[in-house]
Amino acid sequence: MLKVNKKTMNEVQKKLGLTNEGWAKTLGLTKSSLNAIKNYNGRTFTLQHILIAQNLSGKPIQEFFVSEEA
C-alpha cells in the first residue's frame with residue numbers, strides 16, 4: 001500500500017516559499033485542515049493535493065509516495 005510522503009509535501013512548500021496559510025490556500029485547504037494533516041497520522045493529503053504540488057514543483061509523482069510495508 002502507498003502512503004503519502006509528507007516530507008516531500010513540506011519540501012515543495014519550502015521550495016515555493018509559502019507560509020502554511022499560503023500553502024493551504026494553494027492546495028484548496030483551510031489553514032486548520034493543513035495543520036491537522038501535518039500533525040496527525042490519521043489525516044493525509046488527497047491525490048488532488050499531490051497533483052497540485054507535483055505541477056508546481058515538477059517532481060515526479062513517485063516522490064510523493066512511500067511504500068508502506070504490511
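Predicted model: local features only at pLDDT ≥ 70, side-chain atom pairs only at ≥ 80, totals over all residues.
Start with helix α2, which spans residues 20–27. Which of its residues are buried? W23, A24 and L27 are. Those three cover an arc of only 100° around the axis, which puts them on the same side of α2. Now turn to the face pointing away from that buried side. There you find E21 and K25, and both are exposed.

What do the buried residues of α2 pack against? They pack against three helices: α1 (6–16), α3 (31–39) and α4 (47–57). Look also at what comes after α2. The helix is followed by G28, and the phi of G28 is positive, near 80°.

Next, the helix pairs. Two packed helices are described by the angle between their axes and the distance between the axes. Keep both values in mind for each pair below.

Take α1 and α2. Their axes come within 10 Å and cross at roughly 110°. That angle makes α1 roughly perpendicular to α2. On the α1 side, the contact uses M9, V12, Q13 and L16. On the α2 side, it uses N20, W23 and L27. Sort the residues of this contact by type, and you get five nonpolar, two polar and no charged.

Now α2 and α4. These helices pack at an angle of about 110°, and their axes are 9 Å apart. Again the result is a roughly perpendicular pair, α2 to α4. W23, T26 and L27 of α2 make the contact with H49, I52, A53 and L56 of α4. Here the residues divide into five nonpolar, two polar and no charged. Notice W23 and L27: they are buried in α2, they take part in the contact with α1, and they take part in the contact with α4.

Zoom in on one residue, A53. It sits in helix α4. Is A53 buried or exposed? Its relative accessibility is 0%, so A53 counts as buried. Which residues does A53 touch, beyond its neighbours within four places in sequence? A53 is in contact with M9, V12, W23 and F64. Compare A53 with L16 along the chain and in space. The two are 37 residues apart in sequence, and their C-alpha atoms are 9.9 Å apart.

Finish with helix α3. Its buried residues are L34, A36 and I37. They cover an arc of only 160° around the axis, which puts them on the same side of α3. The face turned away from the buried side carries S32 and N39, which are exposed. What covers the buried residues of α3? The cover includes α1 and α2.

Note on methods:
Residues numbered from 1 in each chain as written. Heavy atoms only, no water. Buried < 20%, exposed > 50% of the residue type's maximum accessible area, 1.4 Å probe, protein only. Helix = DSSP H or I, 4+ residues; strand = E, 2+ residues; numbered from the N terminus. Arc of directions from axis to C-beta. Contact = heavy atoms within 4.5 Å. Axes fitted to C-alpha atoms, helices over the stretch in contact; angles between N-to-C directions. Parallel < 35°, antiparallel > 145°, perpendicular 65-115°, else oblique. Nonpolar A, V, L, I, M, F, W, Y, C, P; charged D, E, K, R; others polar.
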